[in-house]
Amino acid sequence: MNTKAPHFTLWAAAAGIVAAGLGVAAGELAAALLSPSLSPVSAVGSVVIDGMPAAVKDWAIGLFGTADKVAFLVSMAVVIAVVAAAAGVLELRRPPAGAVVIGLFGAAGLAAVLTRAQMSALSLLPPLLAAAVGILVLRALMVRIERWRDAATAEARAEAGAGVGAGVGAGAGAGAGAGTGQAGARRRDVLRSVGGGAVVGLAAGALAGSARGGQVSTAAVREAVQLPAAVTPAAPLPAGAELGISGLDPVLTPAADFYRIDTALSVPLVNAQQWTLKVTGLVDREIEIDFAQLLAKPLQESWITLACVSNEVGGSLIGNAKWLGWPVRNLLAEAGVQSGADMVLSTSQDGWTASTPLEALTDSRDALLAVGMNGEPLPLEHGFPVRLVVPGLYGYVSATKWVTELRVSRFADESAYWTDRGWSERGPIKLSSRIDTPSRGAAVDAGTLTVAGMAWAQHTGIRAVQLRVDDGGWQDAQLAAGISADTWVQWSARVDLEAGDHTLTVRAVNATGSEQDERERPVVPDGATGLHTVRINVR
Ligand SMILES: Nc1nc2c(c(=O)[nH]1)N[C@H]1C(S)=C(S)[C@@H](COP(=O)(O)O)O[C@H]1N2
Ligand SMILES: [Mo]
């Protein structure tokens with residue numbers, strides 16, 4: 001042949017990717033139109049996330065932090081593309097092996113969807129549609145690639161024949177001439193259909209994304225929510241609580257900057273108008289309360305600093321907000337907790353659970369059924385319409401978002417999502433402190449340097465923060481005005497530094513006089529310990 005050999009294998013791989021892409025887009029589109037909770041991609045992703053060894057999850061959260069979901073979706077897309085490309089090549093070489101691979105994809109989606117809560121016959125449609133579209137498109141593209149290959153092969157043979165034997169030259173030469181035209185046409189056909197398929201797939205995917213109508217309408221319901229004023233408002237922010245030092249985290253975390261950690265790949269969409277919370281289990285009377293009834297309760301506002309057990313020493317999986325809600329103890333009192341109970345198992349709309357010590361929900365601390373965050377209804381990703389916030393406990397044992405049930409129970413009888421995966425049954429937040437500025441590796445001028453950061457010991461309070469330069473003595477830092485024992489507090493210190501490399505270390509002392517634990521422990525099973533150090537270079 002005079003032209004370069006066409007890369008049929010590459011085109012088969014591309015056809016596989018386009019077929020899988022169109023299938024996934026069709027499934028997502030169907031799900032978006034039916035109900036966002038039916039997305040096969042989300043279902044498969046959630047099953048993978050739930051089945052992942054806890055260590056891998058911890059590693060991913062540590063590595064990607066709050067970008068873990070994006071990282072996960074990108075990895076999923078890469079895996080799908082690689083398998084789909086292989087399916088395309090298989091289908092060219094050993095049909096129908098490629099179609100079988102695409103069918104297995106569909107079966108995985110179907111199985112994943114079947115494991116999700118709230119299933120109906122409709123749930124089966126998106127994965128089945130995805131598999132059907134994927135297989136049909138793969139077959140249709142492969143037929144075109146085969147025709148092209150056959151035409152090109154015939155042409156090559158004819159050309160070879162023309163070159164070898166002059167005797168058949170006339171006839172074969174005529175054949176080759178016709179073949180060039182045919183192979184060319186077949187090639188253009190392949191290009192057009194693979195390209196066209198890719199364009200349609202991208203358009204359908206974009207449509208599926210924007211047609212996530214549920215998300216839009218939930219957001220609209222949220223916009224329309226009018227939160228009542230708190231009967232017990234939070235005390236105003238004390239003067240001097242915010243030091244305003246550049247590089248230092250603000251004492252109030254805006255909702256948009258608040259860390260987000262949960263196992264939900266797509267945000268659970270809960271219609272506030274249909275939301276109810278059931279109180280069940282070891283109670284005298286089971287109760288069910290709806291959103292309007294909750295808003296009609298005497299609400300209170302509290303500053304509470306929420307922290308994640310996966311927060312490494314010096315990490316940023318912590319934030320402080322003003323929460324509006326109804327104390328959980330009042331709800332539990334209405335239901336009448338029976339003796340013998342020592343735990344409340346809270347369940348979210350997507351099935352996630354947390355087991356909270358009953359005591360933390362009934363003692364004088366203000367554990368809230370929260371509806372508001374920083375003066376607004378809860379953002380969708382922070383639990384709209386209602387979540388739990390419990391001062392002093394890590395989120396995994398207390399801060400259930402999209403909460404729909406509180407079951408009064410016993411630790412001896414039941415366990416929860418993370419405690420089933422090797423994390424501690426009890427999760428009190430550990431006394432800790434952090435240097436925010438200067439940042440690690442910063443180069444600063446010799447002389448007096450302002451060092452500042454945050455310290456927290458929720459529900460106990462911070463008494464002092466101390467700073468050390470290299471192996472020197474501990475010097476007291478200046479504490480900013482504290483909001484309450486349930487919130488973190490800013491601190492700052494001024495140190496004189498000579499040129500060279502230096503290590504800054506911070507430690508905190510809580511309100512009862514306990515010093516921060518300086519032994520280094522990992523986040524598993526109940527939160528990291530150790531002192532935060534920052535190495536800097538002084539010029
Ligand atoms: N429904 C649900 N609620 C949840 C979780 C979850 O995975 N699902 N994660 C918990 C954990 S581990 C933490 S640290 C907090 C984080 O709350 P935020 O995302 O609003 O910061 O939510 C808690 N509530
Ligand atoms: Mo967490």
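Biologist: Where does Asn 374 sit, and what is said of its phi?

Modeller: Asn 374 is in the loop between strand E7 (368-373) and strand E8, and its phi is near 50°, a positive value in a residue other than glycine. This is a predicted model, where local features need pLDDT of at least 70, side-chain atom pairs count only at pLDDT 80 or more, and totals for chains, interfaces and linings use all residues; side-chain values use heavy atoms, without hydrogens and water. Residues are numbered from 1 along each chain as its sequence is written, while chains are lettered from A and ligands numbered from 1 in the order in which they are written.

Biologist: Why is E8 (376-377) called a strand?

Modeller: Strands are DSSP runs marked E of at least two residues, and helices are runs marked H or I of at least four, numbered from the N terminus. E8 covers 376-377, so it qualifies as a strand. Pro 385 lies in the loop between E8 and strand E9 (387-389), and a cis peptide bond with omega of about 5° joins Phe 384 to Pro 385.

Biologist: What makes the pair of Arg 387 and ligand 1 a polar contact?

Modeller: A polar contact is a pair of N or O atoms within 3.5 Å. A polar side-chain atom of Arg 387 is 2.7 Å from an oxygen atom of ligand 1, so the pair counts. For Lys 401, a side-chain N or O atom is 2.5 Å from a ligand oxygen, and therefore this pair counts too. A backbone N or O atom of Ala 399 lies 2.9 Å from a nitrogen atom of ligand 1, so that pair also passes.

Biologist: How do you know how much of ligand 1 is buried?

Modeller: Accessible areas come from the Shrake-Rupley method with a 1.4 Å probe. Alone, ligand 1 exposes 530 Å², and the protein buries 99% of that.

Biologist: Why is the space taken by ligand 1 called a cavity?

Modeller: On a 1 Å grid over the protein atoms alone, a cavity is a set of points where a 1.4 Å probe fits but cannot get out, and lining residues have an atom within 4 Å of a point. A molecule sits in a cavity if more than half of its atoms lie within 2 Å of its grid points. Ligand 1 takes the space of the largest cavity, whose volume is about 360 Å³. Among the 27 lining residues, Ile 261, Asp 262, Trp 352, Gly 395 and Tyr 396 are closest to its centre.

Conventions: A polar contact is a pair of N or O atoms within 3.5 Å; within protein, one must be able to donate a hydrogen and the other to accept it, and residues adjacent in sequence count only if both atoms are side-chain atoms. On a 1 Å grid over the protein atoms alone, a cavity is a set of points where a 1.4 Å probe fits but cannot get out, and a pocket is an open set with protein on both sides within 12 Å along at least five of seven lines; lining residues have an atom within 4 Å of a point. Grid points are joined across faces, edges and corners, and a volume is the space filled by probe spheres set on the points.
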